[in-house]
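Please have the sequence and the coordinates open while reading this report. The text moves from sheets to cores and then to single residues.

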Amino acid sequence: MSRQPEKALLDALKALLGPKGFTQDPIVMAPYLEDWRGKLKGEAAALLSPASTQEVVAIMKMASEAKVAVVPQGGNSSTVGGATPSKDGAALLLSTKRLNAIRAISPEESCATVEAGVILSALHEAADKHNLRFPLNIASKDMATIGGLISTNAGGSHVLRFGQMRASVLGIEVVFPDGSLLENLRPLRKDNQGYDLRQLLAGAEGSLGVITAASLRLIPKPHSKIVIWVGVESPSAALALLRHLEKESGEAVEVFELMESSLIELVLKHIPDTEIPTEKAYPWYVLIEATAFSEDFDLEALMVNILADATEKKEILEAVIAQNETQAGKLWRLRETIPLAERSEGFAVKHDISVPVSAMPSFIEQESRAIQEKFPGTTVLAFGHLGDGNVHFNVCPPKEVTDQLGWVENEGIAVSHFVYERVMANGGAISAEHGIGQTKLADFMRFGNKTKIQALKAIKKAIDPQSIMNPGKLLPVEQAE
């Protein structure tokens, strides 16, 4: 079990890190102690902001010797409280914000070596200067950090073609709980030397060590890109359209986002300068992005022909193709501002879940009805990445409820249990891309695969026997000792 840090440890850390890297000022620490949604708030003995990997090594050696917990934090954009310390104030909060160097970009290797605190949008800009691209993209790209993205195995809109974050990790640098340093930043596509620690650390949520740097796969920028907004009758029709596109265009489709009309209505209501591009409103919408890498490939002509064929087959009701980057940005804005529009409207019980792609349409349609029958007056808002089976399945309180937050915190427990039961019955998972953190911990213990949980506990105990790394996240403290 971790302990309260003593003054001697705090003094040693202050001497190591200096005024830029060590603070106990409540005002400075406040933003780091609360999750970005304002739902969770913790305390910490001090905020540490190391400027180098060697400083992280020194921190972890000290913490290990003193048996003091360390909570790593990147951009603090977790939706499950994965980077928020507990309320007991015993932990040291380690921010990677100063580990923000892009060490190298190699066009020859199609690889970027970056530190953990690099913001995702900064990596996008750096790669772009070399006519390259980092394929992962999420709405919080201006605050999410590389270390956090690896730790949560982040997903986003381009998973359909490029996979989750771990698929882009070629090498990793990590400081383990005892202060030992693993330097494995070589961008090897093949390395068959035992367990793949890169993959183990991706999705570990900071429970096994502090990621300080990574080598990441880059891809060429496409020669052409097309963004399309489509109105469809149902999720089933959307899936038929996706399969049609895949058959006719190969791997051209990178994004296929499904949204319920009521969500777009919320965007139009709460987000300025937004409008639907179609002539009519439809029950469901799809945002499609496709790319081509050869200048000899007429992407627009191909997509126009596919859409015409899909219209004849009743797979789509109307389609609008963005004619320039400005129009494409407006279409993306409709999708990316959905979370903000939801928050502006009120509170909801939110679920980041996945089911097999083939089951996603029926899950959305049937389980939405089941939820609304079991919890009368509720409304289900569904959107997500149809191509990878990830649906954000959010349940809003009945309109007559005046204390929405109270309803979410109380009735929401039963709602989530019912949703997760239906997810498991459909062969799915209760977390698709946001992780477990602390808010899904009890549900993971209840609904997760017991054999997998036992394996996770064994790995945690082997690497972090004192349970000082991000305690209470991913695994309960009492089961991680």
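This is a predicted model: local features need pLDDT of at least 70, side-chain atom pairs count only at pLDDT 80 or more; totals for chains, interfaces and linings use all residues.

Residues are numbered from 1 along each chain as its sequence is written, and side-chain values use heavy atoms, with hydrogens and water left out.

**Sheets**

Helices (H or I, at least four residues) and strands (E, at least two) are DSSP runs numbered from the N terminus, and two strands pair if DSSP finds at least two bridges between them. An open sheet of 5 strands has antiparallel pairing and the order 5-6-10-8-9. Here strand 5 (102–106) and strand 9 (181–184) stand at the edges with a single partner strand each, so one side of each is left without a neighbour in the sheet. Neighbouring strands of this sheet are turned by 15 degrees against each other on average, direction ignored.

Helix 3 (residues 53–66) lies across strand 5, strand 8 (169–175), strand 9 and strand 10, and runs at about 45 degrees to strand 8. Helix 4 (residues 120–128) packs on the sheet as well, touching strand 5, strand 6 and strand 10, and its direction makes about 40 degrees with that of strand 5. Contact means heavy atoms within 4.5 Å; axes are lines fitted to C-alpha atoms, for helices over the stretch in contact, and angles run from 0 to 180 degrees between N-to-C directions.

**G117**

G117 lies in the loop between strand 6 and helix 4. With a relative accessible area of 5%, G117 is buried, where buried means under 20% relative accessible area, exposed over 50% and partly exposed in between (1.4 Å probe, protein chains only). Leaving aside its neighbours within four places in sequence, G117 is in contact with T96, L99, N100 and T145.

**Nonpolar cores**

A nonpolar core is a set of buried Ala, Val, Leu, Ile, Met, Phe, Trp, Tyr and Cys residues joined through side-chain atoms within 4.5 Å. The largest has 57 residues, and V230, F256, I288 and F393 are those with the most contacts inside it. Helix 14 (residues 404–425) gives the most to this core, with 7 residues. Apart from it lies another core of 30 residues, among them A112, A154, I172 and F176.

T278 lies in the loop between helix 9 (261–270) and strand 14 (284–292), and is buried because its relative accessible area is 7%. Beyond its neighbours within four places in sequence, T278 is in contact with W229, Y285, E318 and V320. W229 and Y285 also belong, together with Y282, to one aromatic cluster. Rings of Phe, Tyr and Trp (its six-membered ring) pair if their centres lie within 6.5 Å, with planes under 30 degrees apart counted as stacked, over 60 as edge-to-face and the rest as tilted. The structure holds 5 aromatic pairs; in one of them, Y282 and Y285 are edge-to-face, 6.5 Å centre to centre with 75 degrees between the planes. Y282 counts as buried at 12% relative accessibility, and Y285 counts as buried at 2%.
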